[in-house]
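This report covers a sheet, a helix and a few single residues.

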Amino acid sequence: MNVSASTLSLTVADVDASRDFLCTHLGYKVAMADDGFASLTCEGAAVDIVLLRKGTEVLPAEQRDREAGGLILAFTVTDLAAEEARLRAAGAPITMPLREEPWGERLFQMTDPNGVVVQLVEWAVLDHDTDGGESAAVHVITPSADSVTVSPNATMTGLAAPSRGSAELSTWTVTMEAGATGPEHSISREQVWTVTAGALEVTCDGHTEKVSAGQTLILPADLIRRIHAPEQAETHVSMRSDGVASVPGTEGTRELPWAR
């Protein structure tokens with residue numbers, strides 16, 4: 001068999017919605033279109049996509065009411081972290097954040113308006129060990145301007161995170177100027193703070209502790225805390241990567257961009 005091209009045909013309820021999603025976020029272009037039909041192509045992509053409206057008479061009768069449920073449309077890409085950042089900034093519906101599997105696959109998922117799951121994948125380079133087997137490559141992370149978040153009270157510099165190669169943990173540094181005080185908040189995961197310069201005063205669950213350079217503080221999950229810097233301070237923080245913040249008196253939770 002000599003395969004000259006590959007096309008994936010998806011039956012969906014709303015052809016226009018899936019067409020716009022693929023063209024807006026994944027670089028596809030419309031090659032042909034008609035009522036209830038769109039043929040899409042993308043330079044460099046391994047597969048073209050045809051969208052057919054559910055119920056169209058072009059399909060055999062037994063296939064007309066089937067939809068693309070349970071299907072994952074997967075694309076292998078380079079620089080997966082940059083792709084996730086681009087898509088988040090564009091407002092794409094990311095329904096599974098970036099993660100790394102033990103076997104070396106890094107991926108995240110979006111879901112289009114018709115429920116089609118689109119998965120972007122990058123494979124970690126594998127190194128051969130001395131016994132001839134394979135082990136996941138070591139990730140070396142260099143902080144960059146893109147990993148810095150500046151708030152009114154502190155500057156956070158992201159280090160390890162799922163978007164930068166870690167599978168389970170996130171680490172970052174916090175710098176606070178003398179006199180700065182952060183807002184009251186809680187975090188859904190335990191955090192470990194090691195002060196590397198200066199000192200912090202941390203009020204948690206009604207108790208205040210001063211933590212000086214060289215000391216480490218463990219902050220339990222879900223307890224209200226407030227961080228104050230009586231002098232300029234620098235701290236290294238670690239946490240499970242899925243932790244989110246809550247602020248008393250407000251609804252919902254907030255992601256920590258430097259930990260993603």
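Two strands are said to pair if DSSP finds at least two bridges between them. Strands (E, at least two residues) and helices (H or I, at least four residues) are DSSP runs, numbered from the N terminus. With these terms, Val202 stands opposite Glu209 in β17.

**Basis and confidence**

This is a predicted model, in which local features need pLDDT of at least 70 and side-chain atom pairs count only at pLDDT 80 or more, while totals for chains, interfaces and linings use all residues. Residues are numbered from 1 along each chain as its sequence is written, and side-chain values use heavy atoms, with hydrogens and water left out.

The predictor's confidence in each residue is given as pLDDT, from 0 to 100. The protein has an average pLDDT of 86, and 90% of the residues score at least 70. Confidence is highest in strand β15 (residues 191-197), with a mean of 96, and lowest in strand β9 (residues 126-128), with a mean of 46. Over residues 126-135 the pLDDT stays under 50, and the model has 11 contacts beyond four places in sequence for this stretch. Contact here means heavy atoms within 4.5 Å.

**The sheet of β17, β16 and β19**

An open sheet is formed by 3 strands in the order β17-β16-β19, with antiparallel pairing. β17 (207-212) and β19 (225-228) stand at the edges; each has a single partner strand, so one side of each is left without a neighbour in the sheet. On average, neighbouring strands of this sheet are turned by 20° against each other, direction ignored. The axes behind such angles are lines fitted to C-alpha atoms, for helices over the stretch in contact, and angles run from 0 to 180 degrees between N-to-C directions.

Strand β16 (residues 199-204) is joined to β17 by 6 bridges, and to β19 by 4 bridges. Cys204 has a partner on either hand: His207 is its bridge partner in β17, and Arg225 stands opposite Cys204 in β19. The hairpin of β16 and β17 has 2 residues between the strands, and in it Asp205 takes a positive phi near 55°.

**Pairings of β13**

| Strand joined to β13 | Bridges | Direction |
|---|---|---|
| β12 (residues 155-158) | 4 bridges | antiparallel |
| β20 (residues 233-240) | 8 bridges | antiparallel |

Val174 of β13 is the bridge partner of Met156, and Thr235 in β20 is the bridge partner of Val174.

The buried residues of helix α2 (residues 80-89) are Leu80, Ala81, Glu84 and Leu87. Seen down the axis of α2, these residues fall within an arc of 130°, so they line one face of the helix. The arc is that of the directions from the helix axis to the C-beta atoms. Buried means under 20% relative accessible area, exposed means over 50%, and partly exposed lies in between (1.4 Å probe, protein chains only). The cover over the buried residues of α2 includes α1 (15-26), β6 (94-100), β7 and β8 (117-123). Gly91, with a positive phi near 80°, follows α2.

Arg106 lies in strand β7 (residues 105-111). Arg106 counts as buried because its relative accessible area is 8%. Its contacts include Leu80, Leu98, Glu100, Leu120, Glu122 and Pro162. The side chain of Arg106 reaches the backbone oxygen of Pro162 at 3.0 Å. A polar contact is a pair of N or O atoms within 3.5 Å; within protein, one must be able to donate a hydrogen and the other to accept it, and residues adjacent in sequence count only if both atoms are side-chain atoms.

His185 is found in the loop between β13 (169-176) and β14 (186-187). With a relative accessible area of 18%, His185 is buried. A polar atom of the His185 side chain lies 2.9 Å from the backbone oxygen of Pro183. Leaving aside residues up to four places away in sequence, His185 touches Leu223, Ile224, Arg225, Ser246, Val247 and Pro248.

Glu255 belongs to strand β22 (residues 254-255) and is partly exposed, at a relative accessible area of 41%. Glu255 touches Arg88, Val244 and Arg260, again not counting residues up to four places away in sequence. The C-alpha atoms of Glu255 and Ala245 are separated by 6.3 Å, with the two residues 10 apart along the chain.
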